[in-house]
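This briefing covers helix packing, ligand surroundings and backbone geometry. Please read it alongside the sequence and structure shown below.

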Amino acid sequence: MKKILFIIGSLRAQSFNRQVAKVAKELIDNRAVVEELDYSSLPLLNQDIEQPEPKEVARIRKAVAEADALWIFTPEYNMSYPGHLKNLLDWLSRPVVAMDYGTPTCINGKKVAIAGAGGKAATAGCRAKLTELLTFIKAEVLPIQVGIAVPAEAWGTNLLVLSEEQKQELKGLVEQILE
Ligand SMILES: Cc1cc2nc3c(=O)[nH]c(=O)nc-3n(C[C@H](O)[C@H](O)[C@H](O)COP(=O)(O)O)c2cc1C
């Protein structure tokens with residue numbers, strides 16, 4: 001069975017993006033194995049500690065390499081992606097062996113789906129920049145993306161209830177990634 005690795009771009013316990021991921025997992029049902037990547041202990045990238053490959057980096061790269069596709073659910077921070085998500089992608093973009101730029105990295109050619117929940121613009125700025133970054137590091141970004149504008153009432157309750165229309169949009173992305 002295919003394996004899809006979820007990457008949540010928010011560290012917040014009640015993250016709306018994690019709530020969207022939960023709905024996506026329900027929509028995938030038992031048609032794929034879904035796991036969430038825990039990258040909360042990933043160090044900040046520093047070329048002084050790149051070699052030898054830190055244990056936590058090796059674990060994360062292995063999880064990415066073993067997945068058939070990645071699905072990023074991310075908020076928008078100042079019209080872009082959160083810094084910790086950039087840090088993760090920077091690690092994934094680097095060679096395992098020093099100065100070896102010929103061997104493909106674990107993100108090279110990997111299919112990546114993008115969804116984002118945020119303010120009124122539904123993370124459009126973030127998704128555009130994330131698409132650019134992922135393309136630069138040679139991932140294959142799937143064309144259908146889903147952006148969700150979190151309604152005002154959700155900010156009070158910390159509960160994001162998706163409309164039928166939004167669920168249908170997510171479903172479209174689910175079918176795309178399962179293909
Ligand atoms: C540093 C920072 C910058 C933000 N900038 C934006 C922004 O540019 N556009 C936007 O829609 N929301 C912005 N937000 C609000 C987030 O979209 C909002 O907090 C969202 O709920 C975070 O996602 P989460 O619920 O998954 O943690 C910003 C939040 C933070 C903390």
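**Ligand surroundings and helix packing**

Of the 13 residues around the ligand, S10, R12, S15, N78 and G119 come nearest; a residue counts as near a molecule or strand if one of its heavy atoms lies within 4 Å of it. This is a predicted model, in which local features need pLDDT of at least 70 and side-chain atom pairs count only at pLDDT 80 or more, while totals for chains, interfaces and linings use all residues. Residues are numbered from 1 along each chain as its sequence is written, and side-chain values use heavy atoms, with hydrogens and water left out.

- A polar backbone atom of F16 is 2.8 Å from an oxygen atom of the ligand. A polar contact is a pair of N or O atoms within 3.5 Å; within protein, one must be able to donate a hydrogen and the other to accept it, and residues adjacent in sequence count only if both atoms are side-chain atoms.
- At N78, a polar backbone atom is 2.8 Å from a nitrogen atom of the ligand.
- An oxygen atom of the ligand lies 2.9 Å from a backbone N or O atom of M79.

**Helix α1 with helix α6**

- Helix α1 (residues 16–28) and helix α6 (residues 164–178) have axes that come within 10 Å and cross at roughly 60°. That makes α1 oblique to α6.
- Helices (H or I, at least four residues) and strands (E, at least two) are DSSP runs, numbered from the N terminus. Axes are lines fitted to C-alpha atoms, for helices over the stretch in contact, and angles run from 0 to 180 degrees between N-to-C directions.
- Angles under 35 degrees count as roughly parallel, over 145 as roughly antiparallel, 65 to 115 as roughly perpendicular and the rest as oblique.
- V20, V23, A24, L27 and I28 of α1 make the contact with K167, L170, K171, V174 and L178 of α6, where contact means heavy atoms within 4.5 Å.
- By class, this contact of α1 with α6 has eight nonpolar, no polar and two charged residues. Ala, Val, Leu, Ile, Met, Phe, Trp, Tyr, Cys and Pro count as nonpolar, Asp, Glu, Lys and Arg as charged, and the others, Gly among them, as polar.

- The axes of helix α3 (residues 83–92) and helix α4 (residues 124–136) come within 11 Å and cross at roughly 15°. α3 and α4 are therefore roughly parallel to each other.
- In α3, L85, K86 and L89 meet L130, L133 and L134 in α4. The residues of this contact of α3 with α4 are five nonpolar, no polar and one charged.
- Helix α2 (residues 55–66) packs with α3 at an angle of about 80°, their axes being 10 Å apart. That makes α2 roughly perpendicular to α3.
- From α2, V57, I60, R61 and V64 meet L88, W91 and L92 in α3. The contact of α2 with α3 has six nonpolar, no polar and one charged residues.

**Backbone geometry in loops**

- The peptide bond from Q51 to P52 is cis, with omega near -5°. P52 lies in the loop between β2 (33–36) and α2.
- D29, in the loop between α1 and β2, has phi near 60°, a positive value in a residue other than glycine.
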